[in-house]
Amino acid sequence: MSTKKISFPTAFTVLFIVLLFAALLTYVIPAGSYSKLKYNSSQSVFVVTKPDASKIELPGTQDTLNQLMIKVNLEKFKEGSISKAVAIPGTYERVEQNPQGIVDIIQAPIKGVYGTIEIIMFLFIIGGCIGVLNSSGAFDAGIASLSHITKGKEFLLIIIVTVLISIGGTTFGLAEETIALYPILVPVFVAAGYDAIVCIATLYMGSCIGTMFSTVNPFSSVIGSNAAGIAFTQGLPMRMTGLVIATIITIMYILSYGKKIKEDPTKSLIYSQKEEIEERFLKNYKNKIIPEFTVRRKLMLIIFASAFVIMTWGVSTQEWWFTEMSTLFLVIGILLGIVSGSGEKEFVGKFIAGAADLVSVALVVGVARSINLIMESGMISDSILNYASNAVQGMSAGVFIIVMYLLFIILGFFIPSSSGLAVLSIPIIAPLADTVGLERDTIISAYQYGQGLISFITPTGLVLATLAMVNVTYDKWLKFIMPLMCYITIFAGIMLLIQAAF
């Protein structure tokens, strides 16, 4: 009798389960609402919307914020860092129950997609750019050229590739795209005397560390900060510092393991697979056709990288948001098509194919938003916020941020999509930072660190697909990665405590 293999559900299934659970909660949790405060920059006043929908205006001063116990600097409102309505502590009131039925549940994902259309369009355009870049062979050629540059000094290959992939992760969420690099790099690492785990760690952990300590990554930093009502440039210096140090820690760990393998191959965690892997990857290595790293391909990588520099400048100094950022990457995509030398039909095909690769990511954003819509329509979001606020009352800022860090580790296991988790959780959790006197960017850091950390091992992420590329079993990966995971866990916790203190 055959047994059907049990697999973990997809992010969509998990989100729909959460959606149903959220709808059920609208029948159970008492409905309620806080008074909400929003800054009117044209009149320099605060507009307060009460639970009964009535509105009053208050002076747009720091004294008003202090009196309302909102621990945020007035300049954050004036400069637009906090653009969304802020819940006023101590103003929670019960309102009439509004349970969500089957029609509401079915309509919620559609409304969620409508409500996040700017984000979804942004994702599609970035996906198109990546599609054009990948199909041109620019990534492959760039990586392959490194193997020639580092010949005889193979440890440099570990350093350079990890740094480059980490930069890709922190800027544009480089993750799934690395799958295409394994057939190219595994032979290089194995021929250099390393095992396949070194190659996996270099690519996969470079991506994980980059996305964990995202700086301008639109799929986490930008979307998460937008959900919190702040600019993604807030907290950027701390995340950049964390990125550099965490990347160094990761490189040192991989180098230590790699050196041990080169000196004694029997120390490899997958030594029993040595012959099998060499037969598979080295057999045709010398005859493998690798794209040449031409001036054209170099220029394409430079153009793509420059987009993130321009985006950072636009958001931080020119008040750009999704429309402007989408426009920027559309122009970049067209430039990449021109430089690649592809014809009009070929370019459009590559761009659409790249955008199609992010359809699932875009839909996750919409479905995640639907959960917020159900909770908001059922008037229970503020009730949950009220209960959570009561739970953290008296909690020090340091303890609070570590609790949030642990919470995001748990949530990240069930929802591996960084954008999906941001849209789902940040609108509810970010205001809690106000109640303990923390800047909201600390919540963004806790969200990124928590989800990024669990991505090292979560089977709902890319790790199983990555290991399958080289036939390395999950238990061998766990044995390799757990010490490093412990180091990064402690380091990220320290970074959060420092950020909370200042």
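Which residue forms a salt bridge with Lys36? The partner is Asp382, and the closest N and O atoms of the pair are 3.1 Å apart. That counts as a salt bridge because a side-chain nitrogen of Lys or Arg has to be within 4 Å of a carboxyl oxygen of Asp or Glu.

Before going on, a word about what you're looking at. This is a predicted model, where local features need pLDDT of at least 70 and side-chain atom pairs count only at pLDDT 80 or more, while totals for chains, interfaces and linings use all residues. Residues are numbered from 1 along each chain as its sequence is written, and side-chain values use heavy atoms, leaving out hydrogens and water.

Back to our pair: Asp382 sits in helix α17 (residues 381–392) and Lys36 in strand β2 (residues 36–40), so to speak distant parts of the chain, 346 residues apart. Helices (H or I, at least four residues) and strands (E, at least two) are DSSP runs, numbered from the N terminus. Asp382 is buried at 12% relative accessibility, whereas Lys36 is partly exposed at 25%. Buried means under 20% relative accessible area, exposed means over 50%, and partly exposed lies in between (1.4 Å probe, protein chains only).

The structure holds four salt bridges. Another one joins Glu278 and Lys274, at 2.6 Å from N to O. These two are four residues apart in helix α12 (residues 274–281), which means about one helical turn separates them. Lys350 and Glu346 also pair up, with their closest N and O atoms 2.8 Å apart. They, too, are four residues apart, in helix α15 (residues 344–356). Here Lys350 is buried at 17%, but Glu346 is partly exposed at 43%.

Now find helix α7 (residues 155–172) and helix α11 (residues 236–263). They pack at an angle of about 145°, with axes 10 Å apart. The axes are lines fitted to C-alpha atoms, for helices over the stretch in contact, and angles run from 0 to 180 degrees between N-to-C directions.

Finally, what about disulfides? A search of the whole structure finds zero; a disulfide would need a pair of cysteine sulfur atoms within 2.5 Å. Take Cys199: its closest cysteine sulfur, in Cys208, is 14 Å away, so a bond is out of reach. Cys199 is also buried, at 0% relative accessibility.
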